[in-house]
Amino acid sequence: MSSTNEETAKLIIDGKEYALPIRIGTEGNRAIDVSKLYAMTGHITLDDGFANTGPTMSMICYVDGENGVLRYRGYRVEELAERCDFTETAYLLIYGELPTGDQLEEFRTNIRVHTLLHEGMKRIFAGFPPQAHPMAILSAVVGALAIYDKDSADPVDPVQSELAIYRMLAKMPTITAFCYKQSIGQPFIYPQNKLTYCQNFLHMMFAVPSEQYRMPVDFVNALNVLLILHAEHGQNCSTSAVQMVGSSNVNLFSSISAGICALWGALHGGANEACIKMLEDIAADGRDLGKYVDRAKDPDDPFRLMGFGHRVYKNYDPRATIVKEICHRLVDKYAADDPLFELAQELEEVALSDPYFVERKLYPNVDFYSGIIYRIMGIPNNMFTALFALGRLPGWVAHWREMHLAPGKRIHRPRQLYTGHSEREFVPLIKR
Ligand code: ACO
């Protein structure tokens, strides 16, 4: 859903004029199409951190960072979080429309029948040392699905691709919960297909064979909303990684594994874990908020306020508003004595009244409060980013599928401006 304007951008190099087409998105946002620039002019574009580069056109997600707007396939994320189930949202993201009742039931059944892992995969978990980070295990085991589920590894075969999508969505909660069970030395709890997606995940995380597990409905609902809020966000680092890797025509599982690795970093999905760690450090250090805000402002100190700032949002992240509301409800009911929520709110207040943060338009992002909710649910800090991965999975899958269905799909292969040595003569080892 884009159009090419009559309008072109004029580029003059060495007195010669070139016309570059302007593409216009549905919301009026505009892009100069430079895909033929090198062929036309012998020049490439330089764009540090891809801050200004659109590697693709996409119909999946619209983010207006200036106004704090986020929509999946045209629907406001606030509305989806209030009225949808996570699997319904996943269907919407992947296939483009909200499902009918029958479509949703069929989709859920297709996921349900694939929730088990091959028994041999349990030996992969057993091979990791006890302190291994769950994100390392998650990426490794998801990558290993390519070996166990070979009959769905061809991304250009539409039947295999669909099967891979169901398997990926089905097995991700099982793998994520098994990562946790492995880390605490408890037996793996197998999926129960009569449960919903979120119930099943919490069951596999917290049930033990010796006792009946009763999960608070508030936790199921909170998880449902958190997964929806994390489900998609355009060309973020991990989604771009999934696309970059997937563009080589490798299988879906390997592409998702790459996304999990990208998400792990503290500047991306790892921020939720880093944020709780930061709040704990501030609490242990006498709650001296001013000291930490000063450190965050100091250009010579690498410390940053985790859970603050965003490449795209220059306004309050709409997801953070919802997460904060859930936090309020759960803290009141289950964790009135948790000091971190109060501390987080005080930190937000101090930062948002400081010109440094105001001028740079740095607001809390989705990760600032999400860790507090996970703590209340009993999820340990080192699992937070794995929960983010579970939520982001439909977005990754949707972009992977959109890329493969796009006419003229090409391998992603950026260029670079070489700034190293010109050709020089080899010096033998003895003379160096
Ligand atoms: N604390 C203090 N200063 C910050 C912060 C922060 N959290 N974020 C940005 N700034 C400052 C930068 O130092 C820079 O200052 P300058 O102009 O004086 O040099 C200015 O704000 C612009 O920041 P950039 O680093 O250029 O912003 P960029 O778009 O590259 O980075 C990012 C965005 C990575 C999210 C950054 O804000 C950050 O590191 N935040 C903390 C980590 C975090 O919460 N990540 C989660 C992001 S959301 C997600 O992935 C789900």
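I started at His230, whose side chain reaches the backbone oxygen of Leu226 at 2.8 Å. This is a predicted model, so I keep that in mind for every entry. I placed His230 in helix α9, residues 217-230. Buried or exposed, then, is His230? It counts as buried, because its relative accessibility is 1% and the cut-off for buried is under 20%. I also listed what His230 is in contact with, leaving aside neighbours within four places in sequence: Tyr72, Val366, Asp367, Ser370, Tyr374, Phe388, Gly391 and Arg392.

**Sheet**

Tyr72 sent me to strand β5, residues 69-72. I found 3 strands in an open sheet, ordered β4-β5-β6, with antiparallel pairing. β4 (61-64) and β6 (75-76) are at the edges with a single partner strand each, so one side of each has no neighbour in the sheet. I looked up the β4 to β5 pairing and got 4 bridges. Asp64 stands opposite Val69, and Val63 has Leu70 as its bridge partner. The two strands make a hairpin with 4 residues between them, and Gly68 in that turn has a positive phi of about 65°.

**Cores**

Which residues touch the most other members of the largest nonpolar core? I got Leu138, Ile256, Met278, Leu279 and Ile372, out of 117 residues in that core. I followed up Leu279: not counting residues up to four places away in sequence, it touches Leu340, Leu343, Ala344, Leu347 and Ile372. There is also a second, separate core of 5 residues, with Ala9, Ile22, Ile24 and Leu37 among them.

**Rings**

I counted 20 aromatic pairs in the structure. For Phe107 and Tyr166, the ring centres are 6.4 Å apart and the planes at 65°, so I noted the pair as edge-to-face. Phe107 is in helix α4 (residues 101-112) and Tyr166 in helix α7 (residues 158-184), so this pair ties together parts 59 residues apart in sequence. Both residues are buried.

Next I checked Phe178 and Phe188: with centres 4.2 Å apart and planes at 5°, the pair is stacked. Phe178 belongs to α7, while Phe188 sits in the loop between α7 and α8 (197-206), so the parts tied together are 10 residues apart in sequence. Phe178 is buried at 3% relative accessible area, and Phe188 is buried at 18%.

Ring pairs also link Phe308, Phe341, Tyr356, Phe357, Phe368 and Tyr369 into a cluster.

Methods. Residues numbered from 1 in each chain as written. Predicted model: local features only at pLDDT ≥ 70, side-chain atom pairs only at ≥ 80, totals over all residues. Heavy atoms only, no water. Core = buried A, V, L, I, M, F, W, Y, C linked by side-chain atoms within 4.5 Å. Buried < 20%, exposed > 50% of the residue type's maximum accessible area, 1.4 Å probe, protein only. Contact = heavy atoms within 4.5 Å. Pairing = 2+ DSSP bridges. Polar contact = N/O pair within 3.5 Å; in protein donor to acceptor, adjacent residues only side chain to side chain. Phe/Tyr/Trp six-rings, centres within 6.5 Å; stacked < 30°, edge-to-face > 60°.
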